[in-house]
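Hi,

Here is the structure you asked about. Please open it first, then read my notes below.

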Amino acid sequence: CFVPYLNSEPEFPGGIDKLNLFFKSKLKRNNRVSNKKIPIQFTILKNGKVDNLVVQEEAIKISKKQINRILSEMPKWKPAIFESQVVEKKIVLIISL
């Protein structure tokens, strides 16, 4: 279902700064790919859980397992709202490995 705008976007507990700190604290750096920026896409479900991870193809062998681990440890998000209804929302983040 295409939603043209949301009344409120999904939000990580504490906001974007806390999300960045969460990733930095959980990320195990690999010297071979240090400072590589990789877009990841996932869905914030209606219950606030993270699901449907998509990682750029070139990064799959290097980092998908690590990104899955981090996302599985992620706390629930505040889900998106559209017309007083909780809805799922895809998120795209750029992370540095």
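Is R69 buried, partly exposed or exposed? R69 counts as partly exposed, at 24% relative accessibility. The cut-offs are these: buried means under 20% relative accessible area, exposed over 50%, and partly exposed in between (1.4 Å probe, protein chains only).

A word on the source. This is a predicted model, where local features need pLDDT of at least 70, side-chain atom pairs count only at pLDDT 80 or more, and totals for chains, interfaces and linings use all residues. Residues are numbered from 1 along each chain as its sequence is written, and side-chain values use heavy atoms, with hydrogens and water left out.

Now the salt bridges. Side chains of opposite charge can pair when their charged atoms come close. Here a salt bridge is a side-chain nitrogen of Lys or Arg within 4 Å of a carboxyl oxygen of Asp or Glu. The whole structure has three.

R69 pairs with E73, with the closest N and O atoms 3.6 Å apart. Both sit in helix α2, four residues apart, about one turn of the helix. (Helices are DSSP runs of H or I, at least four residues; strands are runs of E, at least two; both are numbered from the N terminus.) Shared partners join K26, R69 and E73 into one network.

E73 also meets K26, at 3.2 Å from N to O. E73 lies in helix α2 and K26 in helix α1, so this pair ties together parts 47 residues apart in sequence.

K89 bridges to E9, at 3.7 Å between the closest N and O atoms. K89 lies in strand β5 and E9 in the segment before α1, so the pair links parts 80 residues apart in sequence.

Best wishes
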